[in-house]
Amino acid sequence: MANPLRGLARRLLGVRRTPTYYLPWLTRPDLQCVLLLNNVEARFKAGYTQGPFPVSACQYDADGAVVRRYEATLADNLDTAEVVLDAGAGGCGFVTVDTRRIHSDLYVTLSDGESYTATHGRGEFVEHYPARTRALVRGLGALLAVAGRTIPAFTRDQYVYDGADSRSHLLLMNLSNVPNRIRIVGGGEGHAAAARLVTLPPMGSRLVDVASLGPRGTGALSVRRIRLTGNAWFNLYVVGAGARDLDGPLSLMHVK
Amino acid sequence: MSSNRPSALLSTTFHEEGYDHLVELVHQRDSDARRHLESLDVALHDPDGKVLVSLPVDPRQELLDLGALVAAHAPGAGRLMVAFDARYDERIFPYRPHHYAYLHRRGSALPSLYYAVNAVLGGVPDRIGATGLNNFETYLFLRRGTGERHSVLLGNLSRFAPSDVEIFTYYGGARHAREMTLGPKAHLEVALDPEREGARLERVEVKALFRLASYVVGRRVSSGELVLFDHLFTYFK
C-alpha cells in the first residue's frame, strides 16, 4: 500500500502512532540480558549536553504484560547505566525506553558468562487502535485466520539461515495494542513454501524457530526466504544460535 | 519515483578463514523477488592493500557466499578486506543503502552473527547521500564484561590517499589515544586493552580524515572466535 493511502487509512481508522524506542530482550537459564542506557551520541548535540538525564524503561513479556519498570539516572552524557533485565513470561519480549531526554542508540547484550553479544534498539513507534477499530481488526482477523490468512497491513521480508551447527531464528514483536496475526511464509531450498500463522497479543512477542517453517535444504547451510505479513505494526530481530541451538549462547541483531 | 541514473554503494566487510559468511546483496526482496543490483564488483584486499582479486559478480544473485569466493580465489590469505562496488536502482535500498550478512565459525557452539555491512565513502564522496559527519564514531562496551577481547577493524577504501586514524579508548574516565596511518586499501585490526589500571574498557572512538570501513569486534578469549561484529555510531545524526 502506498504511503499516502496508508496515512489516509490510519486517519479513517483512528490509529495513533506514539514515537517509541525499543529493544528486544531474551533470557535463558544461562544467559544474562543487560541494557546499556546512555546518551553518548548526544555529546555534541545542542540541548542534550547538560545532565543529569533521567531515563526509564518498561519491560514487556511475551504475552504483552509489563514485567517491570526500571529507572536510572545518567550523570552526564558520558555516563552509562547497565540494567540487568528480569526473566519474564515466555523468555522474550521487548523493552521500551523513554528517550525524551536522551538521543542515542541504546544497546542490549546477551552474556553466557564467557563473552557477550550485542545489538542496538530501534526508534520507531507503537500503534494505538481505538476500541471500535480494535473490535473490527479482531473480528476480521478471526475470520481470515480460519483460512490461515491475516489482514495484509504490513509486510516484511527476511532471510534466515539454517545449518547443521548454526541457525537464525526470528523474534517477532507486536508494536501495537491490537492482537497481531502474522502470517509467515517460507520454506527450505527445494521445498514448497510453508505457511504458518502466529498470533501475538498486544505488545507481545514470539520467538519463531526456523525449524518450524518446514524442512531445511540439503546444503551445509541453507537459506530460507521468509515473508511476514501482519495486521498491525510489527518488527523483528534475528536471533543467532550455534550448535546447541536455543539452549546455547545466542545473539540478537536488528534488521531494517 | 526512481530516476534513470543508477545509485551507487561502496560497502565493505572483513573475512577470516573458517567462517560461513553469506552476504545479502539486496536489502530486502520485493514482492516478486525480481529486483536486483545492476552491477556488482567484488575486490579482496590483503592487509597491505594489495588487490588479490577483483571480479564481477552476477548481480542477479540475492546472496553471495563470501567464504566460497575467498576459498576459490584467495585461499590461505588470512584476514581480507572485501569491497562491494554496486550500482542499483534506488528501490533496491528503499530505506538506506546498506545490506546485511550472516557470519558463523563452522563447527562452533557460539551463536551465529548477523550484521549490517558497512557503507563507506572511500574517496568517492558523492556516491552516498550522507548528511552528517560519519568519520567520527563511537561504541560502548559492557563494563561488567566477561573476559572477551575487543578490537576495531579498520580499512581505508580510498584509491590514492593514506589516512591518519586516531583511536581513543576510555577506562573509568581516563582517556588513552593511539595514532596510526592506513595506506590506500590497507586494513588492520587494533586490539583494545580490556582493562587499564583496574578499570574496564568503557568506550572507543575512531577519528579519521574521511570515512573508513570500521567494525567493532569481540572475540572469545579461549578460541579467538567472533562473538561481536558490529558497526560504530556517529556522533552527528
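Biologist: What makes the radius of gyration of chain A agree with a compact globule?
Modeller: The radius of gyration is taken over C-alpha atoms, and the globule rule is 2.2 Å times the number of residues to the power 0.38. For 256 residues a compact globule would come near 18 Å, and chain A has 19 Å, so the two agree. The C-alpha trace of chain A spans about 55 × 50 × 30 Å along its principal axes.

Biologist: What are these values computed from, and how are residues named?
Modeller: This is a predicted model, where local features need pLDDT of at least 70 and side-chain atom pairs count only at pLDDT 80 or more, while totals for chains, interfaces and linings use all residues. Residues are numbered from 1 along each chain as its sequence is written, with chains lettered from A and ligands numbered from 1 in the order in which they are written.

Biologist: Why is B:Asn156 called buried?
Modeller: A residue is buried if 20 or more other C-beta atoms, placed from the backbone, lie within 10 Å of its own; it is exposed at 12 or fewer, and partly exposed in between. B:Asn156 has 30 C-beta neighbours inside 10 Å, so it counts as buried.

Biologist: Where does B:Asn156 sit?
Modeller: In the loop between strand 11 (149–155) and strand 12 (163–171) of chain B. Strands here are DSSP runs of E with at least two residues, helices are runs of H or I with at least four, and both are numbered from the N terminus.

Biologist: What does B:Asn156 contact beyond its sequence neighbours?
Modeller: Two residues are in contact if their C-beta atoms, placed from the backbone, lie within 7 Å. Leaving aside neighbours within four places in sequence, the contacts of B:Asn156 include B:Ser163, B:Leu182, B:Pro184 and B:Leu212.

Biologist: And B:Ser163, why is that one called buried?
Modeller: B:Ser163 has 22 C-beta neighbours inside 10 Å, so it counts as buried. B:Ser163 belongs to strand 12 of chain B. B:Leu212 lies 49 residues away from B:Ser163 in sequence, with 8.8 Å between their C-alpha atoms.

Biologist: How much of each chain counts as buried?
Modeller: In chain A, 49% of the 256 residues are buried. In chain B, 43% of the 237 residues are.

Biologist: How do you know whether strand 4 of chain B lies in the open or is buried?
Modeller: Count its buried residues. Of the 6 residues of strand 4 (51–56) of chain B, 0 are buried, so the strand lies largely in the open. Helix 1 (3–13) of chain A has 11 residues and 0 of them are buried, so helix 1 also lies largely in the open. A:Gly14 follows helix 1 of chain A and has a positive phi, near 75°.

Biologist: How do you know that strand 3 and strand 4 of chain B pair?
Modeller: Two strands pair if DSSP finds at least two bridges between them. Strand 3 (39–45) and strand 4 of chain B share 5 bridges and run antiparallel. One bridge partner pair is B:Val42 with B:Leu55. The two strands form a hairpin with 5 residues between them, and B:Gly49 in the turn has a positive phi of about 100°.

Biologist: What makes strand 4 of chain B an edge strand?
Modeller: Five strands of chain B form an open antiparallel sheet in the order 4-3-6-1-9. Strand 4 and strand 9 (118–119) of chain B each pair on one side only. Strand 3 of chain B is joined to strand 6 by 7 bridges, and B:Leu40 has B:Ala86 as its bridge partner in strand 6.

Biologist: How do you know how helix 2 of chain A compares with its expected span?
Modeller: The expected span is 1.5 Å times one less than the number of residues. Helix 2 (131–146) of chain A has 16 residues and reaches 23 Å from first C-alpha to last, close to the expected 22 Å. Just after helix 2, A:Gly148 takes a positive phi of about 75°.

Biologist: What makes a group of residues a nonpolar core?
Modeller: A nonpolar core is a set of buried Ala, Val, Leu, Ile, Met, Phe, Trp, Tyr and Cys residues joined through C-beta atoms within 7 Å. The largest has 125 residues, and those with the most contacts inside it include A:Trp25, A:Val239, B:Val82 and B:Tyr115. Strand 6 (80–88) of chain B gives the most to this core, with 7 residues.

Biologist: How many residues does each chain bring to the contact between them?
Modeller: Chain B brings 39 and chain A brings 43. The side of chain B that touches chain A divides into 18 nonpolar, 10 polar and 11 charged residues. Here Ala, Val, Leu, Ile, Met, Phe, Trp, Tyr, Cys and Pro count as nonpolar, Asp, Glu, Lys and Arg as charged, and the others, Gly among them, as polar.
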